Every structure is written in structure tokens, then in C-alpha cells.
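Here are my notes on the model, point by point. Please read them with the structure open.

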Amino acid sequence: MPSLRFTKDHEWVRQEGDVAVIGITDYAQSQLGDVVYVELPEPGRHVEQGKEAAVVESAKAASEVYSPVTGEVVAVNDDIVADPAKVNADAMGEGWFIKIRLDDPKQLDGLMDETAYQAFVAEQP
Amino acid sequence: MSQTGSLSPDAAPLRRTPLYDLHHARGARMVGFAGYEMPVQYPPGIIAEHLHTRAQAGLFDVSHMGQIRLHGAAAAGALEALVPGDLQALAPQRMRYTLLLNDSGGILDDLMVTRLEDGLMLVVNAARKEADLAHLQAHLDRAVTIEPRFERALLALQGPAAAAVLARFAAGVDRMPFMSATELSIAGASCVVTRSGYTGEDGFEISLAADHAVGVAERLLGEPEVAPIGLGARDTLRLEAGLCLYGHDIDETTTPIEAGLAWTIGKRRRAEGGFPGAATVLRQLADGPARKRVGIRPDGRAPAREGTPVVDAAGNPIGQVTSGGFGPSVGAPIAMGYVDAAHSAEGIALAVVVRDVERPAHVARLPFVPTHYYRG
């Protein structure tokens, strides 16, 4: 099973060779509530680690999704644009946001593993 | 990921309504709102709660709102000095939506005024209740006794099944006229019930003593059609119904005419004036205001939230969004805001500037969904 990495901003990353699949965590979707709109970057765009890569809006509010890694966007999930509720239904799977070709795979080492992330979530108010 | 929108918790210490424990027991997510810790949503979530209210019935805790009684035969006449509504024409057990105005015609608060046998009952906004009370104390004739009843609870039962549900506890309420009031007993508790609400649906608001609130709420929630509904869905319901939220769509810088609330100004009051800001308000009524509150439908899927700039087809600034989000019953983003009068006609193309991108939109009729007020 491929390992997952996480950010403190509640994004997840799954490495598949030199490509990283990125989404928001199940905790994030539960905090957002009903997702009603997703805005994704154009394929080909270069995104920087920690910088805005996408927008997700719930019934309550708009939130920015930051890229956990630096690289080129090679694919975006048009299914969640057409049906944003997929983000709520399967945040860690079919609700993925974008795929990025990693400039530097070592960036993943600086992110939390699942155990560390679960501990981080448990500390949230 | 980081949130940039609204409904984030306030900083100050928060008060609780009598239903606080009930909200917690039912799994509500609580947020700070107008100084109170209030349920923003329950486990089903905003969209499901919204749709449930439109399909069946929802119970809302609105005990944070301010209830004020004005006693004395002179109350209606005296309050007319502060609002543009015709309150002297208000028959006993009838209610009216009106506005506290400042001397420029700006709106200090919007409120419901109900005529009871012994005076008036006011329901004002939570965030404004202390200021409203001070305003009334400073300006009302001394013959009127002002009695704040901020400790009382207020429940709203809204939706197409509301009348049938409430009639199980109080026979005859299903035949109460829209915007009327009656005093009766529900599950042993003495209540003032009005046929009114803030959702665009048929429904009731129930004022009662705090120590009876949990009991009545639990009895209503025990009915199969009724679910508890949070402030999140309350906001989407009222936005779809085209109803103003004080501090957002109306405030001290907006007049009743700009806000499209000229219908609240009685015919006699238009002729006589005698309310704060009457010169400005009546001039705008005659000449038309420079800007107007309108409904806005983004043509795409991106919500345009409060503060979003509105531009004309050529990109010139013409106004801004004051409330906006996703309309669950509409199934698309909806908004309202102020635009130049020249761009306020239904169907006019404009654009909303969301995240620095101009996105096509158009002026839409309010309300966004048909209302279902009880018409007998």
C-alpha cells in the first residue's frame, strides 16, 4: 500500500513514482461540511509547496488548498468539479484534487506520516 | 487548507441559550454568533437541514434574539417616532416588519412588532438588542414602559409541515393568519405564538419562558416531521427567500429605499413623515435611489460571497455583494448586494469579481425560490 503524507493544513499526498496525488483529508471535509464548489489549476501550471493550488467552498465558506509539494500539475480531477459532493463522500480516494510531477521527491520526507497526522488532528479544538 | 470565509468563531466570551445542552446532545457544531454560542449545523449538515425545512419542518433556536415589551396605550404611537411603519393601524394580534432608522434614514435595526392586548412585543436582532434597548429608552415617550425580556426563549418552527405539527399541541394554530399572533399553551407552557419566520416557508415563532424552552423543543422534535436546524441553514433559507440579514444586507449606511424595503413604509407615514430620516427617505422614494439591493445569480458555479466586488459588462465597479453563497434549493450559487440603479433591472448582465477573476452574472428576481407563506 503506498504511503500517505499529510500537512498541517489538512492536505494529503500519495506518491506514485515521480507523481504526487493530492487531496484534502477526511478530517478537512468533515470540518468544511457540504462542499459545493471546487476550483482547480490548469494542467501545466507549476505550483510551489505551501502556495495556493486550488479552492474548495462549502455551504459555509471558501477555503484555499495549498500544494504540499512543488512541481507541475499533470492532471486535475474534473469529477469533483462536476460533483463537488464527491469530496465529502470520499476525500481520500475519488475526491482527489490534482496530480503533480514532483520537482523534488525529498519534499515528502518533511511531511507528517499518518500516525503523526492523526495525533495532530486529535489536538485540534 | 485555510478558511477565508464567514461564520468563524468570535473571540469574546459567549453566552448560551436555554437550549445549549439540547444542541450538544444532538451533535451540533457550535460557533460564536452575536455573542452567543449557537448551533451552526447538526450532523446532517447545512444542505440536508435546508432541504428538510423546505420539505417538512425545521426547529430553530433563535433565543439569542432580543424580545422587548412596550406597555401602555401610547406605545404604538410613540414607537412611530422611531420607525416608518404604520403601527397605529396595527390591529391587536397582528404583526408587522419594520425598521429603526437614524436621522439620515440609515437602518439601525430591523424588527418584528406585534400588537398584543397590553402593548407591543418587539423582536430585534441579537447583535443589536442592547443598542436598540438604549435607543428606545433614550427616545420613547415616558408614558411607555419599556420591559426588556432578553431572558425569554424563542423557537422557530418552519416548513410546510409546521402548521400540522403545531396544531397537535394547540388546536387552531393552523388557521392563524400570516403575520398574526396569539397567546396559548403548548405542552403546558404559556407561549406567544406568531405565524411568521425567516425561511420563506409557512411557520411559527414561539416565545416562551426560558425554563419551558427545552420541554417544548423536545416535544416538537419528537414529532416525525421535525428536525433541529442550525444557523447555517437558517442563513441559506433566508437568502433564497430574499430576506435581509442585518449588518450585512442592511445597516446604518443603507436606507429602506435602497434596500428595497419601501413596502414597509405605510401610506399614512409617506404622507405625514415624522420618522427619523424622513426627508431623505421620502426624497429617495420620489426620485429613486442611486443604488439598489438586488438579487444576483452568478452564471457559473463559483459562489460570490459577502464583499465580492460587482462590475458592469465593461469592468467598471458598480457595487458589491452583501450576502452570497450556495442556494441548496436553487442548486446553484446565489447572492444579493447593492448595485448602481442603472444596473438594477432584472436580467442585466454584470460580473462578480471572485479571487480577482471577473465571472459573468446577472441581476435576478428576489426571492430566488417561491415563498410559501400561509394565505388562508
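1. The crossing of α2(B) and α7(B) is right-handed; that term applies when the near helix is turned clockwise from the far one by less than a right angle, and left-handed when anticlockwise. Helices (H or I, at least four residues) and strands (E, at least two) are DSSP runs, numbered from the N terminus. Helix α2 covers residues 46-55 of chain B and helix α7 residues 231-240 of chain B; they pack at an angle of about 55°, with axes 8 Å apart. That makes α2(B) oblique to α7(B). Oblique is what remains once angles under 35 degrees (roughly parallel), over 145 (roughly antiparallel) and 65 to 115 (roughly perpendicular) are set aside. Axes are lines fitted to C-alpha atoms, for helices over the stretch in contact, and angles run from 0 to 180 degrees between N-to-C directions.

2. The model is predicted: local features need pLDDT of at least 70, side-chain atom pairs count only at pLDDT 80 or more, and totals for chains, interfaces and linings use all residues. Residues are numbered from 1 along each chain as its sequence is written, while chains are lettered from A and ligands numbered from 1 in the order in which they are written.

3. Which residues make the contact between α2(B) and α7(B)? From α2(B) come Ile46(B), Glu49(B), His50(B) and Thr53(B). From α7(B) come Gly232(B), Ala233(B), Thr236(B) and Leu237(B). Contact requires C-beta atoms, placed from the backbone, within 7 Å. By class, this contact has three nonpolar, four polar and one charged residues. Ala, Val, Leu, Ile, Met, Phe, Trp, Tyr, Cys and Pro count as nonpolar, Asp, Glu, Lys and Arg as charged, and the others, Gly among them, as polar.

4. α7(B) is mostly covered, with nine of its 10 residues buried. Buried means 20 or more other C-beta atoms within 10 Å, exposed 12 or fewer, and partly exposed in between, with C-beta atoms placed from the backbone. The buried set includes Arg234(B), Asp235(B) and Glu240(B). The buried residues of α7(B) pack against β2 (29-33), β3 (36-41), α2, β4 (57-61), β17 and β18 (332-340) of chain B. Just after α7(B), Gly242(B) takes a positive phi of about 75°.

5. Now the chain interface. 20 residues of chain B are in contact with 20 residues of chain A. On the chain B side, β1 (2-3), α2, α7 and β17 (317-327) each give two or more residues. That side has seven nonpolar, 10 polar and three charged residues.

6. The largest nonpolar core has 130 residues. A core is a set of buried Ala, Val, Leu, Ile, Met, Phe, Trp, Tyr and Cys residues joined through C-beta atoms within 7 Å. Among the members that touch the most others are Ile98(A), Leu79(B) and Leu122(B). Leaving aside neighbours within four places in sequence, Leu122(B) is in contact with Ile68(B), Leu70(B), Leu111(B) and Val113(B).

7. Some backbone points to check. Gln93(B) is not a glycine, yet has a positive phi of about 65°. Gln93(B) counts as partly exposed because 18 C-beta neighbours lie inside 10 Å. Ala187(B), also not a glycine, has a positive phi of about 50°. The peptide bond from Leu366(B) to Pro367(B) is cis, with omega near -5°.

Key: Two residues are in contact if their C-beta atoms, placed from the backbone, lie within 7 Å.
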